[in-house]
Amino acid sequence: MDHEYEHFPSPPYDPDATCSSRVRVHPSGTYFLSQTSDELQLRYAQGGRPRANLELEGIQSLAFSPDGRLLAVGTQDKNVLVYQVDTMEEVFDTDACDDYVDQVVWLGGSEYLAAGSARSELVIHQLSGKSGLFSGGSKVVRTILGPDPEYNSLFGMVATPNGGHIFFATGERLRCFETMSGREVWSREFESSTGELALSPDGRLLAMGSGDGQLLFLDSAGGQPLYGYRFRFAGGVKYPGMIGDATSWGVRPRFSLDGAVVVSNTPNGAFVIIDATNGAPRWEAPRRRVRPVPDAPAQLPGGEAGL
């Protein structure tokens, strides 16, 4: 299967806007959440009917808790807001980092939360006390990484299902940490910038976009690259690279629920389905069939449908 890039005559976004887009599916599969830079829309998965709407400026990241009760939102105000999904009421607000909170990840449940900032900070928060949700207040359990003096950008962060380990992609470096001890398990350098991360359901395989136009598959136990999918270029067109959340050019891979394939948006405004066992393409949506620019794929829990 051959993949060609097209050269946009002008950027497919407003350079002055702070627009980003994400799609997150509720663990139950009943709802999905769509996000722009200043609005969250919770919709029913069947038919897309709106359920709730929340206006909030400077949204950078979001994540449902594994039990589906809570939604964490990282903001440009350097904090994390936590909402109760049933009511969409804010139940918690914490100053998380010293810069934009670009990544939020729940750690195995709804008690611990990892926040990653634009300056590559990595901070673990405990959000609940022994006597009930949030009644014990919040505390920083551990600051694994402080602000990066070289200002290497955070591109990706993902945790194992039990929350025991965190994978952290900044600049040209990918690292794995023990969550509670903060110990660095392994570190790997790349020749080009790292990117958004995805972890297979069994926790053994990482998928990562890279700045040289590849989707890499790596062994999560040591970060060893195994194989990859390389996007093909049209003559004279260079890979546009990581040009911010406003474009689809930042590759955002997602594993299927059975771990057999990875679905990802592509830098030329389409999306591709890739075999997770060997990195071979199974199918790519032609650009002409996709009018909106795909930015963040997601799969419903039943596995038969995606967003």
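Entry one: strand E14. I began with strand E14, residues 165–170, and found it mostly covered, with five of its six residues buried. The model is a predicted one, and I read every entry below with that in mind.

I then looked up the partners of E14. On one hand there is strand E13, residues 154–159, which pairs with E14 in the antiparallel sense over five bridges. Met-157 has Phe-168 in E14 as its bridge partner. The hairpin of E13 and E14 has five residues between the strands, and Gly-163 there takes a positive phi near 75°.

E14 is also joined to strand E15, residues 173–178, by six bridges, and these two run antiparallel. Opposite Phe-167 I found Cys-176 in E15. E14 and E15 form a hairpin with two residues between them. In that turn, Gly-171 has a positive phi of about 55°.

Entry two: the whole protein. How many helices and strands does the protein have? I counted zero helices and 24 strands. Of the 307 residues in the protein, 53% are buried. The protein exposes about 13900 Å², and carbon and sulfur atoms supply 46% of that area. I also looked at contacts between residues at least 6 apart in sequence: 43% of them join residues at least 24 apart.

Strand E9 covers residues 101–106, and six of its six residues are buried, so E9 is largely enclosed by the rest of the structure. E9 is joined to E10 by five bridges, and the two run antiparallel. I noted Ser-117 in E10 as the bridge partner of Val-101. E9 and E10 make a hairpin with five residues between them, and Gly-108 in the turn has a positive phi of about 80°.

Met-88 is not a glycine, yet has a positive phi of about 55°. I placed Met-88 in the loop between strand E7 (79–84) and strand E8 (89–95). Is Met-88 buried or exposed? Its relative accessibility is 13%, and the cut-off for buried is under 20%, so Met-88 counts as buried.

Ser-120 is not a glycine either, and has a positive phi of about 65°. Ser-120 lies in the loop between strand E10 (112–117) and strand E11 (122–126). At 3% relative accessibility, Ser-120 counts as buried.

I looked up an open sheet of four strands, with the order E21-E22-E23-E24 and antiparallel pairing. Which strands stand at the edges? They are strand E21 (253–255) and strand E24 (281–284). Each has a single partner strand, so one side of each is left without a neighbour in the sheet. Neighbouring strands of this sheet are turned by 20° against each other on average, direction ignored.

Within this sheet, three bridges join strand E23, residues 271–275, to E24, and the two run antiparallel. Ile-273 stands opposite Trp-283 in E24.

Entry six: aromatic rings. How many aromatic pairs does the structure hold? I found three. One of them is formed by Phe-217 and Tyr-227, a tilted pair at 5.3 Å centre to centre with 35° between the planes. Phe-217 lies in strand E19 (residues 214–219) and Tyr-227 in strand E20 (residues 225–230), so the pair ties together parts that are ten residues apart in sequence. I also checked how far each residue is covered. Phe-217 counts as buried at 0% relative accessibility, whereas Tyr-227 is partly exposed, with a relative accessible area of 24%.

The charged end of Arg-51 sits over the ring of Tyr-31, and I noted 4.7 Å from the ring centre.

Definitions and conventions
Residues numbered from 1 in each chain as written. Predicted model: local features only at pLDDT ≥ 70, side-chain atom pairs only at ≥ 80, totals over all residues. Heavy atoms only, no water. Buried < 20%, exposed > 50% of the residue type's maximum accessible area, 1.4 Å probe, protein only. Contact = heavy atoms within 4.5 Å. Areas by Shrake-Rupley, 256 points an atom, 1.4 Å probe, with all protein chains shown as cover. Pairing = 2+ DSSP bridges. Axes fitted to C-alpha atoms, helices over the stretch in contact; angles between N-to-C directions. Phe/Tyr/Trp six-rings, centres within 6.5 Å; stacked < 30°, edge-to-face > 60°. Lys NZ or Arg CZ within 6 Å of the ring centre and 35° of its normal.
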